[in-house]
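Here is a short briefing on one protein model. Look at the structure first, then read the points below.

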Amino acid sequence: MNTSRERLFAIIAGFVGTLVIGFFVFSWISGQFSTRASDKAKLLDELKKLDRTALQGAVASRKIAQFEERSLPANPEIARTRYQSWLVTEMEACELIEPDVRFMSAAGGDKDLFVRQTFAVDASGTLPQIVKLLHAFYSVDWLHRITRLTLRPVKDSKLLGIGLQIEALSLRKASNTDKLEPHPGNRLMLASGDDYYDIIVGRNLFGPKNTEPKITVSGSTDVFLPREVELTAKFEDPDWLDQVQFELVKSASPDAKLDPITGKFTWKPTEEGSYEFVIQGIDDGFPARRSPELKVVVNAKPQPPPVERAPTFDFAKFTMLSAVLDVDGQGEVWLHVRPTGQMVTLHQGDRFEIGTVKGTVSEIGEFDFSFDFEGKRKKLNRGDTLDQAKPISDVPQVAAPDRPPTNEVQAQAKPADKAS
């Protein structure tokens, strides 16, 4: 009996011991697995960190390579000279007034991996010119930036004073070239400089809203063929600094011309009719504004018939041959202009003009004299008036003598000293 109990107790004790030993063995094995899993997780985490570091190193290497491509030449002196020259060229291309580029300072950085050079820029220009300069600056992807921008309106003008402070980098490991390599950039959001012009200049932050000009035309729009039309376009603009250019928007003839600066319009019609032209003015404000279109109608008409003028007083009808003399063997003719009381003395070869009669004395007779008038030779007897002279025959025009012609009677010719 006792043996059975001892055997049962031994079995129970052995089972309990086995369970205890099994528990400790399981716990130890489980701990080993947990430790190995934890170590594995740590190793995986460290591996990820190493991969991340390697990736960051690769990215950094690519960025450094890109920076080296965008860098100014490695030699700071060459970089300074070439960059200053580029700034001046761009400012002149934008037509800025009195551009001035000055080198300020140079300093190393990040354990002397690069040299930072500072430049100061001053100039004057309009807002569109400044926008053009900034667009040119940011269109080039070098390692440069604007750290300060100052704009100052210039009194009584459309100009702005511009001041820039610029920093540019030269990496020590960059290309050791002696020129500034072009490097177009893609940092700008908008496609072209015109887009920035519309956004910035269109608002004109430095002045009131631009007002459209008004234009008028002076001169007669009625013209008689074949004369030329001459008109002048004029403008009025509330913005007193604005200048206006004129444009022929619509033309009834390709030969018509309009000077855009002076506004002078010229055209020579060839046919009778009514012709329409449209003129418009464009100011130079920010932004530019157009005037309303001005319609000009030109009426071309035929030349009017000549106006019959009342006959003028003819002194020839009242000028009489009062005497024919022989003075020292030379013939002499006296013509008495009765309306003025003048006595005109003529000799052979003298030219005269009295009223409607203009001629040259060709021959002096005993009681008459002959003269050439309009290709004909006429004779005037004593006691007759000049308009009563009778034609003799057609003769060629007589050449003018050395003696000066007698003054025209209407011009108060000097009376002769002799009595009639």
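**Briefing: sheets, cores and buried polar residues**

Strand 14 (residues 330–337) and strand 15 run antiparallel and are joined by five bridges. Strands count as paired if DSSP finds at least two bridges between them. Helices (H or I, at least four residues) and strands (E, at least two) are DSSP runs, numbered from the N terminus.

This is a predicted model, where local features need pLDDT of at least 70, side-chain atom pairs count only at pLDDT 80 or more, and totals for chains, interfaces and linings use all residues. Residues are numbered from 1 along each chain as its sequence is written, and side-chain values use heavy atoms, with hydrogens and water left out.

**Confidence**

- pLDDT is the predictor's confidence in each residue, from 0 to 100.
- The protein has a mean pLDDT of 84, and 90% of its residues reach 70 or more.
- Over residues 394–420, pLDDT stays under 50. The model has 51 contacts beyond four places in sequence for these residues. Contact means heavy atoms within 4.5 Å.
- Where pLDDT is low, the predicted coordinates should not be read in detail.

- Which residue of strand 15 is the bridge partner of Leu335? The partner is Val344.

- Glu332 lies in strand 14. Glu332 counts as buried, at 6% relative accessibility. Buried means under 20% relative accessible area, exposed over 50%, partly exposed in between (1.4 Å probe, protein chains only).
- The side chain of Glu332 makes a polar contact of 2.9 Å with the side chain of Trp334. Another polar contact joins the side chains of Glu332 and His347 (2.9 Å).
- A polar contact is a pair of N or O atoms within 3.5 Å; within protein, one must be able to donate a hydrogen and the other to accept it, and residues adjacent in sequence count only if both atoms are side-chain atoms.
- Gln342 is in strand 15. Gln342 is buried, at 3% relative accessibility.
- The side chains of Gln342 and Thr340 make a polar contact (2.9 Å).
- Gln342 and Thr319 are 23 residues apart along the chain, and their C-alpha atoms are separated by 9.3 Å.

- Seven bridges pair strand 11 (residues 273–283) with strand 12 (residues 294–301) in the antiparallel sense. Ser274 has Asn299 in strand 12 as its bridge partner.

**Strand 4 and its partners**

- Ten of the twelve residues of strand 4 are buried, so strand 4 is largely enclosed by the rest of the structure.
- Strand 2 and strand 4 run antiparallel, joined by twelve bridges. Leu164 in strand 4 stands opposite Val121.
- Strand 3 (residues 144–153) also pairs with strand 4 in the antiparallel sense, over nine bridges. Leu151 has Ile162 in strand 4 as its bridge partner.
- The hairpin of strand 3 and strand 4 has six residues between the strands. In this hairpin, Asp156 takes a positive phi near 55 degrees.

**Nonpolar cores**

- A nonpolar core is a set of buried Ala, Val, Leu, Ile, Met, Phe, Trp, Tyr and Cys residues joined through side-chain atoms within 4.5 Å.
- The largest nonpolar core has 29 residues, of which Tyr83, Trp86 and Ile166 touch the most other members.
- Elements giving two or more residues to this core include helix 2 (76–93), strand 2 (114–125) and strand 4 (160–171).
- Another core, of 20 residues, lies apart from it, with Ala316 and Leu321 among its members.
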